[in-house]
Amino acid sequence: MKNQKQIRQTAYKPDDGFIGRKQELIRETVIPYQYSVLRDEAPDTEKSHVIANFVNAGRALRGEDVGDGFYGMVFQDSDAAKWLETVAYSLAIHPDEELEATADEVINIIASAQDEDGYLDTAFTIKDRDHRWQNLLEGHELYCAGHMMEAACAYYEATGKDKLLKVMEKNAEHIYDVFITGGHKGYPGHPEVELALMKMYRLTGNHKCLELAEHFINVRGVDPHYFENERKSRDWVVWGSDGRDHDYQQSGRPVREQSDATGHSVRAVYLYTAMADLASETDDKELLDACNRLWESITGKRMYITGGIGSSVNGEAFTVDYDLPNDTAYCETCASIGLMFFASRMLESNADGRYGDVMEQAFYNTVLAGIQLDGKSFFYVNPLECVPGISGKASTHWHDLTQRPKWYACACCPPNLARCVCSFGKYAYGENEKTAFCHMFASGKVEFENGLKLSCKTEYPFGFDVNYTVLDGEGALAIRIPAWSKEFSLTVNGEIVNHEIRNGYAYLSVKASDEVALKLDSLPYYVYPSNKIPELTGSVALCRGPLVYCFEGKDNGWCDGNILSLSLTGDDDISPEKAERLPDEIVALKVPAVKSCEVSGLYTLSKPVYEKGYAKAIPYYAWCNRGENQMRVWMNLI
């Protein structure tokens, strides 16, 4: 049973606070830049060809010459879908006739690429029409359909225009005909359509969408050998996968029997998101129990301090408990976005602050680290340690880059990040008939369906005062108190009031014109790792609020930029400072440290000699914005 739900996407309007500025960056810079990439017009950037693929698919359906054919990954269509979804969220915040007209044009092109039976996938329409639905393991047809469904829902909610929604309703009918009516026994190699179908169901009320989502979730892993047998039945492949790695595919057992987060981390959390969504929608306790086990597996044993998940480049995957290497971490940006999705859906069944804690942990660290501060380049992989000369060069570290590229051949992360930032309000606020929930702190105005209207003012995550004004209505307000805040104060109209703390939320009764002030702990703090994590023996990390801090060579001339020579003392003499050559809003921290003096030779018999001083740290999300240099999150403790 749903405890609460996300607000509708038009309910939140940002102001010029931190989130509003990030969303404006997406609107002004990222959306037009990514559109130029999709049209192959961005200079010195990896070719995309996404729009041309849809044009050529339309030509193929009309029996015309397909021009230069299909180019890119088999899931290239999803980049257009995520771009459209980003545009929808941006239009909901900031109407823009020119941008809307551009999106309408893209939607017309996409609609022209839909087959008569509702099928929509440019890779197979252009070059492999006879192979439709034969390679669910690698073909990503359902994955692409899911992303386009999400875009269709978002665009309809933002603009009221239903052309893309009708396209995807027809597509959903086709998928239903194939997998339900036609009895196709397969399920998605890359989960995504399941969570998208849940969105389609809530928007349209079409019960077939709910039935399809439930089918794909229920059938997964019942036959753990499905993908192996599918591979044996065809004489062609995309990447050569043989389907035997059940853990990688989250298909080794039915989902209700799964306990450990395994395999490809993005696929995993997309699947778990859909499971949690379905569990709350249908009051499926067994499914929710599985979600709780998987949540504990991730957050209790397989998640980085930055909210990153996926320890290994091999399969972009989870490995085993407590295997959390720093310098070879994968931590794909998309995976942390998916973790936010999972957390948000878990909140539907249980308003528990630990889900909001993880949402903000992932967002303010790994997700935001995925984009350059100017919005023009992106990380796919987010390590917690970078050493130029090793990172990006050694065969064991080739995936951990020292600079953000402008784009990728596999470009799932940049548009995914853009849609996440623009939809932040949906994750920050929730509601039910009686209560307005503040899961995260987003400055701006929000209107709840129960009639409550709030204005929020805060400079979070660098400011720790969060002030709410009740503009209209009355009712219950539930504000998450972050677990990291050792102390806090909460007042209404300047007076300390009685409030109930339940599962990490402070519950208040409020009415129009009330002023609610939350003061959180602004002091920096140290975090110490479990002694079960081999990589982190004797280490410590520095945080302030939701932000994990890192040490870069650029800020530490004292050690000639060699961060590896520094150790922290653990003393509390920590002070805020200006971050050099970074935006004024960013607060750096000066922290007691020692450096080990240089010795000759690769090894020595001499005991290290230390010099006391101070090291400087910046928020992890802001690293790699001033050129190539060393970076570390976890530091030695001396």
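Author: Happy to. One term before we look at helix packing: an axis here is a line fitted to C-alpha atoms, for helices over the stretch in contact, and angles run from 0 to 180 degrees between N-to-C directions. Also keep in mind that this is a predicted model.

Reader: Got it. So at what angle do α7 and α9 pack?

Author: The angle is about 45°, and the axes of α7 (residues 163-181) and α9 (residues 207-219) are 10 Å apart. The two helices are therefore oblique to each other, and α7 passes α9 in a left-handed crossing.

Reader: Which residues in α7 and α9 meet?

Author: From α7 there are Ala172, Glu173, Ile175, Tyr176, Phe179 and Ile180, and they meet Lys208, Cys209, Glu211, Leu212, His215 and Phe216 of α9. Sorted by class, this contact of α7 with α9 has eight nonpolar residues, one polar and three charged.

Reader: Nice. How do the axes of α12 and α13 cross?

Author: They cross at roughly 135° and come within 11 Å, with α13 spanning residues 333-349. The crossing of α12 and α13 is left-handed.

Reader: And what makes the contact there?

Author: On the α12 side it is Leu288, Cys291, Asn292, Trp295 and Ile298, and on the α13 side Leu339, Phe342, Ala343, Met346 and Ser349. Eight residues of the contact of α12 with α13 are nonpolar, two are polar and none is charged.

Reader: What about α3 and α15: how far apart are their axes?

Author: The axes of α3 (residues 77-93) and α15 (residues 413-422) are 8 Å apart, at an angle of about 20°. α3 and α15 are therefore roughly parallel to each other, and their crossing is left-handed. In α3, the residues Asp79, Lys82, Trp83, Glu85, Thr86, Tyr89, Ser90 and Ile93 meet Pro415, Asn416, Ala418, Arg419 and Cys422 in α15. That contact of α3 with α15 has six nonpolar, three polar and four charged residues.

Reader: Switching topic! How many cavities of 30 Å³ or more does a search of the whole structure find?

Author: Seven. The largest cavity has a volume of about 130 Å³. It is lined by 15 residues, and Glu150, Leu195, Lys199, Phe341 and Tyr427 are the closest to its centre. Two or more lining residues come from each of α3, α8 (193-204), α11 (265-282), α13 and α15.

Reader: Which element gives the most to that largest cavity?

Author: α13, with three residues. By class, the lining of the largest cavity has five nonpolar, four polar and six charged residues.

Reader: And what lines the second largest cavity?

Author: Its lining is Gln9, Tyr12, Tyr89, Ala92, Ile93, Cys422, Ser423, Gly425 and Lys426. The largest share, three residues, comes from α3. This second largest cavity holds about 70 Å³ of space.

Reader: Last one: what volume does the largest pocket have?

Author: About 640 Å³. The largest pocket has 30 lining residues, with Met303, Tyr304, Ile305, Gln361 and Val527 nearest its centre. α12 (285-301), α14 (353-369) and β15 (525-527) each supply at least two residues of that lining, and α14 gives the most, with six. The lining of the largest pocket divides into 19 nonpolar, six polar and five charged residues.

Key
Residues numbered from 1 in each chain as written. Predicted model: local features only at pLDDT ≥ 70, side-chain atom pairs only at ≥ 80, totals over all residues. Heavy atoms only, no water. Helix = DSSP H or I, 4+ residues; strand = E, 2+ residues; numbered from the N terminus. Parallel < 35°, antiparallel > 145°, perpendicular 65-115°, else oblique. Left-handed = near helix turned anticlockwise from the far one by under 90°. Contact = heavy atoms within 4.5 Å. Nonpolar A, V, L, I, M, F, W, Y, C, P; charged D, E, K, R; others polar. 1 Å grid on protein atoms, 1.4 Å probe; cavity = no way out; pocket = protein on both sides within 12 Å on 5 of 7 lines; lining within 4 Å. Points joined across faces, edges and corners; volume = space filled by probe spheres on them.
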